[in-house]
Amino acid sequence: MKIDNKLSELPLTKSKPSTLESLFGKTDIEPFWVADMEFEIAKPIQEALVQRISNSSFGYEYKPNSFSNAQKNWYQRNYGIELNTDHLIYSPSITTTIAVLLENFSSEHNGIMIQTPVFMEFRDVIRNTKRRIVKNALRLSSNQYQIDFQDLQEKAKLENNRILIICNPHNPVGRVWTNEELKQIVRICKENDLLLISDEIHKDIILFDNQFTSAVKFIEDYEKIIVCTSEAKTFNLCGISDSMAIIPNEDIRNSISGTLKKYNLGRTNALTRVALEAAYNNGGSWLNEVIKTIENNIGSIEKELANTKIKLIKPEGTYQVWLDFRNVFKDTKEMFNHVTEKSGIGLNAGHWFGREGALFMRMNIATSNEKVTDAIRRIKKTVSNRVSLEEP
Ligand SMILES: Cc1ncc(COP(=O)(O)O)c(C=O)c1O
């Protein structure tokens with residue numbers, strides 16, 4: 001995959017000096033933390049954007065049928081799912097949709113369940129809407145994260161808990177939930193009348209022999225399922241992306257679109273529209289290359305970390321790896337400061353995703369093999385002379 005060699009010309013969040021200073025305590029950091037790619041975007045997307053810009057009129061636009069059809073065909077081709085385009089709702093971001101869902105389908109102080117360690121904005125949106133975070137923490141067993149179904153069942157029964165948000169594939173631990181696991185989740189939600197929000201933004205980055213199952217598949221069994229997704233992660237379009245939600249239940253759909261309308265959040269962006277159509281219609285072979293590159297990067301990390309005290313939790317999906325430092329450090333602050341200071345590599349501290357992530361770190365590997373290998377060697381070197389701790 002080709003790296004975009006003009007990245008340093010862009011005001012990217014991941015290398016914003018004031019952000020680096022506040023997170024890492026210094027600005028000379030090589031950023032491997034924000035989940036976006038360093039690859040050049042797919043040629044068909046670039047060409048479509050250039051062509052659209054050459055038609056330099058930018059009046060108000062609507063989303064033509066070709067837009068939702070591109071999404072429909074993508075789901076059909078890749079997942080064998082027949083989307084009903086009448087069920088699609090668009091909003092500026094997934095987090096916007098989740099905030100609106102929380103506001104419209106729960107009350108202040110209701111419990112919203114999340115499976116920690118998990119994407120930190122779930123926590124932020126729950127707090128910002130004055131709901132309560134209820135953790136159904138994942139369990140790590142034999143180097144793979146599992147859902148604690150007994151805990152989920154018990155918490156789902158509590159009257160105050162109204163919504164479960166899942167992340168599939170799971171950011172940051174990289175699990176791709178199986179059909180069987182999703183079936184159990186849906187059953188528990190149905191038995192307890194919980195709204196199920198499935199965030200599937202990472203759905204297209206499925207690695208090795210794993211298989212993605214969308215929660216859309218269970219909508220015939222249970223209507224109170226909402227799937228949120230976008231093309232942002234898949235095609236490296238975070239800077240121009242919007243998001244879509246698949247909402248088969250008419251009442252839920254009307255409620256959400258009513259609120260989006262109230263705040264005028266439905267405006268179409270001409271460039272987003274063009275990029276998304278080109279991506280879903282013609283971006284498939286580029287994506288296959290990305291997946292191969294990510295798998296190769298994981299292979300290199302496995303090799304580098306073999307016989308070291310840092311353990312790799314091998315991802316089944318996403319372009320992030322979750323690194324286990326529990327054999328090296330006892331204190332999460334010490335881990336973060338030591339690795340950051342000595343390697344100069346900017347990773348996400350695991351506890352940013354909830355305290356269950358303490359003594360882990362997340363690394364974005366959507367870049368060249370050379371850069372990933374160099375970064376992991378530098379990280380490895382920082383811990384090589386530390387005394388091994390006992391297995392926790
Ligand atoms: C699981 C998950 N959901 C949502 C997002 C962000 O999506 P949006 O910008 O549309 O809110 C991210 C970004 O990293 C993510 O990992």
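Here is a walk through the chain, from its overall build to a few local details. Keep in mind that this is a predicted model.

Let's start with the whole thing. The chain contains twelve helices and 15 strands. A compact globule of 392 residues would have a radius of gyration near 21 Å, and the chain comes out at 21 Å, so the two agree. As for the inside, 44% of the 392 residues count as buried.

Now for how some of the helices pack. Take H6 (residues 149–157) and H7 (residues 179–191) to begin with: their axes are 9 Å apart, at an angle of about 20°. An angle under 35 degrees counts as roughly parallel, so that is the label for H6 and H7. Their crossing is right-handed. On the H6 side, the contact is made by Phe149, Leu152, Gln153 and Ala156, and H7 brings Gln184, Ile188 and Cys189. Sorted by class, that gives five nonpolar residues, two polar ones and no charged ones.

Next, look at H10 (residues 284–305) and H12 (residues 369–384). They pack at about 25°, with axes 10 Å apart, and therefore H10 and H12 also go down as roughly parallel. The crossing of H10 and H12 is right-handed. H10 puts Asn296, Asn297, Ser300, Ile301, Glu304 and Leu305 into the contact, while H12 answers with Asn369, Val372, Thr373, Ile376, Arg377 and Lys380. The class count for H10 with H12 is four nonpolar, five polar and three charged residues.

What about H4 (residues 94–105) and H8 (residues 250–262)? Their axes come within 10 Å and cross at roughly 115°. The range from 65 to 115 degrees counts as roughly perpendicular, which is why H4 and H8 get that description. The crossing of H4 and H8 is right-handed. Here Thr97, Val100, Leu101 and Asn104 of H4 meet Ser255, Ile256, Thr259 and Leu260 of H8. Those residues split into four nonpolar and four polar, with no charged ones.

One runs from threonine 116 to proline 117, with omega near -5°. You'll find proline 117 in the loop between strand S3 (111–114) and helix H5 (120–128). Another joins asparagine 171 and proline 172, where omega is about 20°. Proline 172 sits in the loop between strand S7 (161–167) and H7, and H7 is the helix that packs against H6.

Then there are two asparagines with positive phi. Asparagine 264 has phi near 55°, a positive value in a residue other than glycine. Its place is in the loop between H8 and helix H9 (270–282). Is asparagine 264 buried or exposed? With 7 other C-beta atoms within 10 Å, asparagine 264 is exposed, since the cut-off for that is 12 or fewer. Asparagine 307 has a positive phi too, of about 60°, although it is not a glycine. Asparagine 307 lies in the loop between H10 and strand S11 (311–313). Asparagine 307 has 5 C-beta neighbours inside 10 Å, so it counts as exposed.

One more loop residue to look at is glycine 80, in the stretch between helix H3 (65–79) and strand S2 (88–91). Glycine 80 counts as exposed because it has 9 C-beta neighbours inside 10 Å. Which residue lies 9.7 Å from glycine 80, C-alpha to C-alpha, although it is 137 residues apart in sequence? That is lysine 217.

Key: Residues numbered from 1 in each chain as written. Predicted model: local features only at pLDDT ≥ 70, side-chain atom pairs only at ≥ 80, totals over all residues. Axes fitted to C-alpha atoms, helices over the stretch in contact; angles between N-to-C directions. Helix = DSSP H or I, 4+ residues; strand = E, 2+ residues; numbered from the N terminus. Parallel < 35°, antiparallel > 145°, perpendicular 65-115°, else oblique. Left-handed = near helix turned anticlockwise from the far one by under 90°. Contact = placed C-beta atoms within 7 Å. Nonpolar A, V, L, I, M, F, W, Y, C, P; charged D, E, K, R; others polar. Rg over C-alpha atoms; globule rule 2.2 N^0.38 Å. Buried ≥ 20, exposed ≤ 12 C-beta atoms within 10 Å, placed from the backbone.
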